[in-house]
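I opened this entry to keep track of what I looked up in one protein chain.

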Amino acid sequence: MWDAATRRCVLSMSNHSAMVTAVLWGGEGLIYSASRDCSISAWDEADGKLVRVFKGHGHWVNTLALSSGFALRTGAFDHNGKAPADVEVGRCMAGWGEGSG
């Protein structure tokens with residue numbers, strides 16, 4: 001993981017035995033990596049420690065897709081530019097309307 005401001009490596013995460021094909025931020029403290037070793041790994045975004053390995057795929061894992069709608073709506077402001085009163089209010093607002101669009 002790189003710090004874009006300093007252009008330095010902050011964390012190095014490795015456990016795959018073949019080429020990594022995709023890396024995706026999960027939005028809630030995890031980073032996922034997929035590989036040609038037929039596995040997906042979940043990493044703690046804070047310290048880069050391996051949390052879980054998902055094995056058993058029949059072929060290379062070429063891409064990852066996560067539902068990031070909740071994570072993308074938990075930013076500091078809503079679509080009107082208003083900041084929520086606190087984190088819990090923001091989470092509640094982000095979940096409101098889920099599936100009712």
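The entries below follow the order in which I looked things up.

**Entry 1, overall layout.** I noted at the start that this is a predicted model. I counted two helices and six strands in the protein chain. Reading along the sequence, I wrote the pattern down as β-β-β-β-β-β-α-α. I then looked up burial and found that buried residues make up 19% of the 101 residues in the chain. For the accessible surface I noted about 7500 Å², with 55% of that belonging to carbon and sulfur atoms. I also checked contacts with a separation of 6 or more, and residues 24 or more positions apart account for 28% of them.

**Entry 2, the sheet.** Which strands form the open sheet, and in what order? I found four strands in the order β3-β4-β5-β6, with antiparallel pairing. The edges are β3 (20-25) and β6; each has a single partner strand, so one side of each lacks a neighbour in the sheet. From one strand to the next, I noted an average twist of 20°. As a reminder to myself, strands of a sheet pair through backbone hydrogen bonds, either parallel or antiparallel.

Ser33 has Ser41 in β5 as its bridge partner. The hairpin of these strands has four residues between them, and Cys38 takes a positive phi near 70° there.

**Entry 4, β5 with β6.** Strand β5 covers residues 40-44 and strand β6 covers residues 50-54; I found them paired in the antiparallel sense over four bridges. I looked up two bridge partners in β6: Arg52 for Ala42, and Leu50 for Trp43. This hairpin has five residues between the strands, and Gly48 has a positive phi near 75°. I then asked how many of the residues of β5 are buried. I found four of its five residues buried, so I put the strand down as mostly covered.

Which residues make up the largest nonpolar core? I listed six: Ala22, Tyr32, Ala34, Ile40, Ala42 and Val61. The elements giving two or more residues to this core are β4 (30-35) and β5.

A disulfide is a covalent bond between the sulfur atoms of two cysteines. I looked for pairs of cysteine sulfur atoms within 2.5 Å, and the count came to zero disulfides.

How values were computed. Residues are numbered from 1 along each chain as its sequence is written. This is a predicted model: local features need pLDDT of at least 70, side-chain atom pairs count only at pLDDT 80 or more; totals for chains, interfaces and linings use all residues. Side-chain values use heavy atoms; hydrogens and water are left out. Two strands pair if DSSP finds at least two bridges between them. A nonpolar core is a set of buried Ala, Val, Leu, Ile, Met, Phe, Trp, Tyr and Cys residues joined through side-chain atoms within 4.5 Å. Buried means under 20% relative accessible area, exposed over 50%, partly exposed in between (1.4 Å probe, protein chains only). Contact means heavy atoms within 4.5 Å. Accessible areas come from the Shrake-Rupley method with a 1.4 Å probe; for residues, only the protein chains shown count as cover. Axes are lines fitted to C-alpha atoms, for helices over the stretch in contact, and angles run from 0 to 180 degrees between N-to-C directions.
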